[in-house]
Every structure is written in C-alpha cells, then in structure tokens.
Amino acid sequence: MSGHYRAGMARGPVDIEALRIREGDRPDLDDRDPRATPGYDGDKESSVPVMAGLNARLEELQELLYADGRHRVLVVLQALDAGGKDGTIRHVFDGLNPAGVKAPAFKKPSSAELAHDYLWRIHPHVPGDGELVIFNRSHYEDVLVVRVLELVDEKRWRKRYGHIRDFEQMLADEGTTIIKIFLHISPEEQAERLQDRLDRPEKNWKFETGDLEMRARWWEFMDAFEDAIAETSTDDAPWYVIPADRKWFRNLAVSQILIETLESLELRHPPAEDGLDQIVIEDVPDRP
Ligand code: ATP
Ligand code: MG
C-alpha cells in the first residue's frame, strides 16, 4: 500500500471525534471556527502527501466494499451555496471505482416530485449492497431551504425531523451505514468564493443571483442547520460538522471519516473457490 497514513497503525491526522455531534447534542455553530483544523498541526503544503495517503487507503477500502458486497454506505453531504460540496466529492472520491460509487444531486424538486411526499424522490437513490452513495444535498433540504423560504408551514416541516430519524433508522436497521456531513464555512469565505465566480470567466457559469438571496438569510440557515443536526444526529446516523473554510483540511477530515467508517465494517474479500491452486490455464484449442 502506498501513502503516508496507514489506518490501524496510527491515528489518522484529524481529530474526527471533535467534529462528531453526539445524539442529543446541539452544535453551536457560532462557537465553531470554520477555519479550525482540530488534531492537525500542519499546513496546506504538508497536507498534500497526507491526503494522497488517505486517498489511496479510501480507494482500497472502496474496492473491498464492492468486492465484499455485504454492506451499503450512505454519505449525506450538506452545505450552503459555495460551501464546497462539489469540490469535496471531486477530491475525496478521486480515483474510486465508478462501478461502486454514485453521487446523486438533489436540486429543486420537479412538479412530479412535488406531487409526492418529500422522501419519495430520495429512497430510490439509497445504496444497494457493495455501494457507496454520496448525496449532494438530500432530504435535509426539506427542513432547511423549505423552512427558511417558508415553502411549507411550520407545523408540517417540524414533523419531518421525526420522519427523517425514522427513515434513516430503518435504513440503518436494514444494513445501511450512514454518515452525515455539514461543510461549515464562514460568511467571509462564502463572499470570497462567490466573488471568484464573478471574477473568473470560466467560473461565471456557477454564479447564480439567487445565491445572494440565500446569503441574505445566512443566520436563518444557521438556525435551521443547528435544529436539523440537533434533531437528527443519532448513534446510527451521526452528523459531523466540518470546518470547511480551508479546503485542504475539509478534504482530510471527510476522507478520514469515510476511512474509519469503512474500516469499522471489517470488510473482507469473498471466499475463493476451492482448489484454485490446482487450476491450469490451457491454451485455446486450435481453430478447427
Ligand atoms: P452549486 O453549489 O454548484 O451551486 P447546488 O447544489 O447549489 O450547486 P444548484 O442547482 O445551484 O446546485 O441548486 C440547487 C437548489 O435546489 C438549491 O438552491 C437548493 O436549496 C434547492 N433545493 C434542493 N432541494 C430542494 C427542495 N426539496 N425544495 C426546495 N429547494 C430545493
Ligand atoms: Mg447553487
């Protein structure tokens, strides 16, 4: 195995326990520094080989998840606009085998989707045996943007915390391992990233004026995230709040969470057929 980090031999580079929200706890987002790097005392430059090592290990584990075929893994990724969801998926899942990985994105619901309950469009995308699925936005939009923009009334969205807990518990009870990740950026960092989308022609396509309306509601979104995380972080489907202003730290943290989650599954290659050592690969017979 290549890489500088070998799980099981040393602790990973990031203190991921500091990022995990325990069942019943409420994350105080104002109190959490989006520029923090808990557990890691290096800088961006020193993180490059560390990230390469994590990436190699994740590649290995995902291959094993696929070969083993007994486990399903769901990663829910949530962030505000320019929070780094796409970049996280690109970097952390770089080099993984596309046959076993999917990253569905949940955008504004279509009219057909709106004609059903909010979990209707989600359920078909959960992972099957051997699969690693990353939700780029998710059913959490239905207690985040839907709440902030008052797309349904409070009585209705409040009940959704319970539905979501039950839905995820059902998935977990039926064999899905779930982790949920909130990429926590500062308003200053978002401003820089949005400005960059305005300034660089090749990034203009990512800029949406609608993002500015959402930005104006920053603190309402923070309240909505705090409530959603407090209401739905459970032992079987925990939330992690990732300080995400520094992209390199974010990538280390998400990679390590994934690695430790996959390692906890004790994955193994399926048993080989008996007598493989007796098998001889013969030449193809002569063409008749
Ligand atoms: P980027 O960060 O690159 O802009 P994105 O995830 O924001 O990517 P967009 O197509 O820009 O992708 O935005 C999707 C939009 O759909 C978001 O504003 C999100 O809040 C909205 N959305 C997602 N799910 C729902 C939902 N259930 N109800 C209402 N709006 C939703
Ligand atoms: Mg967007």
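Start by selecting Thr-88, which lies in helix 2 (residues 85–92) of this predicted model. Thr-88 has 0% relative accessibility and therefore counts as buried. Show its side chain together with that of Arg-250: the two side chains make a polar contact at 3.0 Å. Then display the other residues around Thr-88. Leaving aside neighbours within four places in sequence, Thr-88 is in contact with Leu-77, Phe-93, Leu-183, Arg-250, Asn-251 and Val-254.

Next, turn to the aromatic rings. The structure holds 7 aromatic pairs. Select Trp-157 and Tyr-161: their ring centres are 6.3 Å apart and their planes stand at 80 degrees, so this pair is edge-to-face. Both residues belong to helix 5 (residues 154–173); because they are 4 residues apart there, about one helical turn separates them. Trp-157, at 5% relative accessibility, counts as buried, and Tyr-161 counts as buried at 3%.

Now select Phe-182 and Phe-225. This aromatic pair is stacked, with 4.1 Å from centre to centre and 25 degrees between the planes. Colour the chain by secondary structure to see what the pair links: Phe-182 is in strand 5 (residues 176–184) and Phe-225 in helix 8 (residues 218–232), distant parts of the chain 43 residues apart. Both phenylalanines, Phe-182 and Phe-225, are buried.

Two further selections complete the tour. Pick Tyr-40, Trp-248 and Phe-249, which form one aromatic cluster. Finally, select Arg-160 and Tyr-118: the charged end of Arg-160 sits over the ring of Tyr-118, 4.3 Å from the ring centre.

Notes: Residues numbered from 1 in each chain as written. Chains lettered and ligands numbered in written order. Predicted model: local features only at pLDDT ≥ 70, side-chain atom pairs only at ≥ 80, totals over all residues. Heavy atoms only, no water. Helix = DSSP H or I, 4+ residues; strand = E, 2+ residues; numbered from the N terminus. Buried < 20%, exposed > 50% of the residue type's maximum accessible area, 1.4 Å probe, protein only. Polar contact = N/O pair within 3.5 Å; in protein donor to acceptor, adjacent residues only side chain to side chain. Contact = heavy atoms within 4.5 Å. Phe/Tyr/Trp six-rings, centres within 6.5 Å; stacked < 30°, edge-to-face > 60°. Lys NZ or Arg CZ within 6 Å of the ring centre and 35° of its normal.
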